[in-house]
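Open the model in your viewer and keep the selection panel at hand. The stops below go from one selection to the next.

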Amino acid sequence: MRHSSGGRPPNARHVTRRQVLGTAAAGALAGPAAAPARAAAAPRVRTGFDRLAESGYALLAGDRVGVVTNPTGVTAGLRHVVDVLHADRRVDLRAVFGPEHGFRGTAQAGGSEPTRTDPATGLPVHDIHGKRGRELAALFRRAGVDTVVFDIQDVGARFYTYVWTLYDCLIATALAGLRTVVLDRPAPLTGRGAHGPVLERSLASGVGREPIAQAHGMTVAELALLFNAAHVPAAAGRPARLDTVPMSGWRRGDLFGDTGLPWVPPSPNMPTPGTALAYPGTCLLEGTNLSEGRGTTLPFELVGAEGIDHRWADALNALDLPGVRFREAYAVPAFSKFQGRTIGGAHLHVHDPRAFQPVRTGIALLVTARQVWPGFAWRPDRWIDRLAGTASVRTMTDAGAPVDDIVAAWQPGLEEFRALREEHLLYG
């Protein structure tokens, strides 16, 4: 679906720097939200929230506001955005909405926190994980909000569920006649390009609702514009009323460490930016009987299974994959697969993060594991097809195809997605 206004529907608005910052007088209204960041060395990148605060929250004036967020919704000075908004009389904050893992981030994969009252602010915190469509629209109406603000740090993989929470919020606000405001944050894998297979619609699930690439290379605001132009109208009958507040200072080639912003784990098994770098590839092991590292000190970086030895790391290193080497490693997971048992496997050491190709590396992990470990098996529910967005990864691996042939199979669909993606990028 293409639109003459750069691919955006008429009621989707990209808010420019001038519109957000306004006059010098408006900038003076920043108040306490900006103060902690100024007290320390200022980061080069300012998030959508920080820029919204600089404007005196002009976009939210006169509206009853709800916020979809989690522990990553912080200022550069590490104040949570809910605490900042609640303390500011210029914002009528009515409710908080928690995604998978919960508003405070305590739940493991697939879980959430129950609806409750936030003890710090007295605000109601609604659990929206798994809610969508008219059910979510009704919840927003009951919460008494006019505008739903989305502020969550994504990690850049299609199967990380926060982007689908965003998608569901766009559909729900379109159905309810409300507005969505997306506050942008960095794409931690850089935003240089899209990689991996594009989801086939027949495999849509909670870890992939629409056809985007496995590593999409987009920020949440860019994805919101793409979703609202290409997919929301079909699901809701109309696009959502959408405003996006971009970052300042972010460049598409930036890794998260280049931004100067603090890293807050977006989920319990995403402790560092290095985890996020590996995740779009190593998460494919969730579709097998191997451990993806949950329950170890290096989730998604140390992977393996009971009975694997040095031969896996040797086979991986023989491929000479760009930007990464593999170390033979052993661990005893505290929970999840192989809990309390010793696993052997490989520890990824990314020595050149800009050359590293996480999705191709993930395919190499599957191909070599099947070659060196007789116990290799797919999960019986074929979860790998949902994660990859295609059955070809499984069928070609089973047929003994080399890594390059598996990667080549998804290139036509990826090129189509890249063309669509280009229409909605906000940063050069």
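Which residues does Phe140 touch, not counting residues up to four places away in sequence? Select Phe140 and its contacts: Phe97, Val145, Val148, Cys169, Ala172, Thr173 and Leu178. Bear in mind that this is a predicted model.

**The nonpolar cores**

Phe140 is among the residues with the most contacts inside the largest nonpolar core, together with Phe227, Tyr279, Trp312, Phe326 and Ile363. That core has 111 residues. Now select helix H7, residues 162-176, which gives the most to this core, with 12 residues. Another core, of 22 residues, lies apart from it; Ala53, Tyr57, Val65 and Val149 are among its members. As a general point, nonpolar side chains in soluble globular proteins tend to be buried together.

**Cysteines**

Next, pick Cys169, one of the contacts of Phe140. Cys169 counts as buried because its relative accessibility is 0%. Cys283, at 1%, counts as buried too. A search for disulfides across the whole structure finds 0.

**Aromatic pairs**

Display the rings next: the structure holds 12 aromatic pairs. In the pair of Phe49 and Tyr57, the ring centres are 6.2 Å apart and the planes meet at 50°, so the pair is tilted. Phe49 and Tyr57 are both buried. Move on to Trp250 and Tyr427, an edge-to-face pair with 5.1 Å from centre to centre and 80° between the planes. Trp250 sits in the loop between strand E10 (241-245) and helix H10 (273-282), and Tyr427 in the segment after H16, so this pair ties together parts that are 177 residues apart in sequence. Both Trp250 and Tyr427 are buried. For a cluster linked by ring pairs, select Phe159, Tyr160, Tyr162, Tyr279 and Phe300.

**Helix H16**

Last, select residues 411-422, which form helix H16. Its 12 residues, at 1.5 Å a residue, should span 16 Å, and the end C-alpha atoms are 16 Å apart, which agrees. Which residues of H16 are buried? Colour Leu414, Phe417, Leu420 and Arg421. These cover an arc of only 120° around the axis, which puts them on the same side of H16. In general, an α-helix has 3.6 residues a turn, so residues three or four places apart point the same way. The buried residues of H16 pack against strand E8 (195-198), strand E9 (213-215) and helix H8 (220-230). Turn the view to the face directed away from the buried side: Pro412, Glu416 and Glu422 are the exposed residues there.

Note on methods. Residues are numbered from 1 along each chain as its sequence is written. This is a predicted model: local features need pLDDT of at least 70, side-chain atom pairs count only at pLDDT 80 or more; totals for chains, interfaces and linings use all residues. Side-chain values use heavy atoms; hydrogens and water are left out. Helices (H or I, at least four residues) and strands (E, at least two) are DSSP runs, numbered from the N terminus. The expected span of a helix is 1.5 Å times one less than its number of residues. Buried means under 20% relative accessible area, exposed over 50%, partly exposed in between (1.4 Å probe, protein chains only). The arc is that of the directions from the helix axis to the C-beta atoms. Contact means heavy atoms within 4.5 Å. A disulfide is a pair of cysteine sulfur atoms within 2.5 Å. A nonpolar core is a set of buried Ala, Val, Leu, Ile, Met, Phe, Trp, Tyr and Cys residues joined through side-chain atoms within 4.5 Å. Rings of Phe, Tyr and Trp (its six-membered ring) pair if their centres lie within 6.5 Å; planes under 30 degrees apart count as stacked, over 60 as edge-to-face and the rest as tilted.
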